[in-house]
Amino acid sequence: MIELTMEEFMLWVIGVPILVIGFYGIIAGLKRRAAIRTAQSQIVCCRVCGHLYRDRSRERSPQCPGCGRANHRGESRRLG
Ligand SMILES: [Zn+2]
């Protein structure tokens, strides 16, 4: 038989569910951020004609369906 004091019992009854809920909350937040990051990486804005389009391929420079120019994904790091 496991002997617990009342404080230890209450710690297990209250503390363990809080830790489990917190753990799943952190995991859900990480999954949500990964999904948002993936969705943002699929949206490409053409730097020539301004056409906004979704490209699901892993190609680094997808072609714009409007003008045919290749565009880099994400924010431009070029100066000027
Ligand atoms: Zn374009």
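Here is a short chat about the chain shown above, a predicted model.

Mentor: Some ground rules: residues are numbered from 1 along each chain as its sequence is written. As the model is predicted, local features need pLDDT of at least 70 and side-chain atom pairs count only at pLDDT 80 or more, while totals for chains, interfaces and linings use all residues.

Trainee: What pattern does the protein chain follow along the sequence?

Mentor: Helices (H or I, at least four residues) and strands (E, at least two) are DSSP runs, numbered from the N terminus. The protein chain has 1 helix and 2 strands. Read in sequence order, the pattern is α-β-β.

Trainee: What radius of gyration does the protein chain have?

Mentor: That value is taken over C-alpha atoms, and the globule rule is 2.2 Å times the number of residues to the power 0.38. A compact globule of 80 residues would come out near 12 Å, but the protein chain has 24 Å.

Trainee: Is S41 buried or exposed, or partly exposed?

Mentor: S41 lies in helix α1, residues 6-42. Buried takes 20 or more other C-beta atoms within 10 Å of a residue's own, exposed 12 or fewer, and partly exposed is in between, with C-beta atoms placed from the backbone. S41 has 13 C-beta neighbours inside 10 Å, so S41 counts as partly exposed.

Trainee: Which residues does S41 touch, leaving out those up to four places away in sequence?

Mentor: Contact means that two C-beta atoms, placed from the backbone, lie within 7 Å. With residues up to four places away left out, S41 touches R73 and G74.
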